[in-house]
Every structure is written in C-alpha cells, then in structure tokens.
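This report goes through one protein model by topic. Sequence and structure come first, and the computed features follow.

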Amino acid sequence: MGVKSTNFARLVSVFAFFLALSSHNIAMGTDFADLRLENADRREILSLSLDSMKSLGWETLETNTPWSPNLTVFGGVPLADLLAHAGIRSARVLAIALNDYQAEINVEDAVKWEAFVACEADGQPMSVREKGPCWIVFPWSQHLELNNGDVQAISVWQLSTLRAL
C-alpha cells in the first residue's frame, strides 16, 4: 500500500510540474513565455513577448559560459535597457526563475558587469531545456574575473520575472 501511495504522489508531482509549465505558456520546445517586470508591490509593470523584447533594441553577445566551453551567440537586451524601459530605478531587483529560484541582483554591479537578458542562443529561441525562455548572462569570455560564484548565482536561467525591490 505504501508503494502505491508513493507512486501516486510522484505522479501528482509530475502532473503539477507540467501544469505549472503550461500556465506559463511554455512547452518543452521553443515556445516563449512573456517576461514579467514588476514593481515592488508585485504588480506587473509590463509583460514582454519575444517580439516586444526584440523591439527594445535587440543586441548580440558572443561568449562562453561557466556551464559550456563553446562560444554561443546570445540574442537579447542589456539588463540596464530592459529596466529603463520598464521605468525600474531601484538599486536591487529580484530575478525569479520558472522553478522559483530567486536571486537578488545589485543593479549597479550588474550594469557594470554588462548583464544581458538573453532569449536566443545561436539565433534560436531558448527552450526551457536550454535554460530559456530567458537567461541572465554576462560577457564571461571578455571578462574572466566574472567567472565566480557571486556572478554565477545571479545568472538566472529560465527567467520569468524581474521584480523591483
């Protein structure tokens, strides 16, 4: 009887996980979920689709990452530009991933380190399996000093929300 209960609990957990993904309009393929930007009261300031992200001044960043030795050409928007577009002027933001991982980011440091909100890798939208729909990346290849635990901790992948603090 205990084995059946455990298997049922696992099945419910798996179902809940996929239900959560679908509520974010994300498939395991290349579907893009809007990136939410929120004020400190958790009220949405705006929700950006991939097309609206591209209209903000799409740029590319070619770098390797601490998780992959290969150079990748990321497409996205500098974090500073994204926050300015949303009117977020706070000194800190909370980056929240689809799995509820959260990292508090000092905006001044992130801007100095050229934080980049990437939504494409090598010209393709990033799937959840590929750390998408968005990933905060840094120019690690150009600034080797950024390859440290502090910067890695704020390199949030599967980014769904940026909240002003």
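## Nonpolar core

The largest nonpolar core has 40 residues, and Leu37, Met53, Leu82, Val117, Ile136 and Leu159 touch the most other members. A nonpolar core here is a set of buried Ala, Val, Leu, Ile, Met, Phe, Trp, Tyr and Cys residues joined through side-chain atoms within 4.5 Å. Buried stands for under 20% relative accessible area, exposed for over 50%, and partly exposed for values in between (1.4 Å probe, protein chains only). In soluble globular proteins, nonpolar side chains tend to be buried together.

Beyond four places in sequence, Leu159 has contacts (heavy atoms within 4.5 Å) with Leu35, Ala95, Ile96, Ala97, Val117, Pro133, Cys134 and Ile136. Cys134 is itself buried, at 0% relative accessibility, and Cys119 is likewise buried with a relative accessible area of 0%. No disulfide, defined as a pair of cysteine sulfur atoms within 2.5 Å, is found in a search of the whole structure.

## Model and confidence

The structure is a predicted model: local features need pLDDT of at least 70, side-chain atom pairs count only at pLDDT 80 or more, and totals for chains, interfaces and linings use all residues. Numbering runs from 1 along each chain as its sequence is written, and side-chain values use heavy atoms, with hydrogens and water left out.

The predictor's confidence in each residue, pLDDT (from 0 to 100), has a mean of 85 over the protein, and 81% of residues reach 70 or more. Over residues 11-30 pLDDT stays under 50, and the model has 22 contacts for them beyond four places in sequence.

## Overall make-up

The protein has five helices and 10 strands. These are DSSP runs numbered from the N terminus: helices are H or I with at least four residues, strands are E with at least two. Of the 165 residues in the protein, 41% are buried.

Among contacts with a separation of 6 or more, 60% join residues 24 or more positions apart.

## Helix H3

Helix H3 covers residues 79-86, where Leu79, Leu82, Leu83 and Ala86 are buried. Seen down the axis of H3, the buried residues fall within an arc of 95°, so they line one face of the helix; the arc is that of the directions from the helix axis to the C-beta atoms. An α-helix has 3.6 residues a turn, so residues three or four places apart point the same way.

Ala80 also lies in H3, but is partly exposed at 31% relative accessible area. Its C-alpha is 8.2 Å from that of Ala110, 30 residues apart in sequence. Just after H3, Gly87 takes a positive phi of about 75°.

## Loops and backbone

Phe138, in the loop between strand S9 (135-137) and helix H5 (149-153), is buried at 0% relative accessibility. Leaving out residues up to four places away in sequence, Phe138 touches Leu61, Thr63, Ala110, Trp113, Glu114, Ala115, Leu146, Val151, Ile154 and Ser155.

The loop between strand S8 (124-125) and S9 holds Pro133, and the peptide bond from Gly132 to Pro133 is cis, with omega near 15°. Lys131 lies in the loop between S8 and S9 and has a positive phi near 75° although it is not a glycine. Asp100, in the loop between strand S5 (92-97) and strand S6 (102-106), is another non-glycine residue with positive phi, about 70°. Asp100 is exposed at 57% relative accessible area, whereas Lys131 is partly exposed at 23%.
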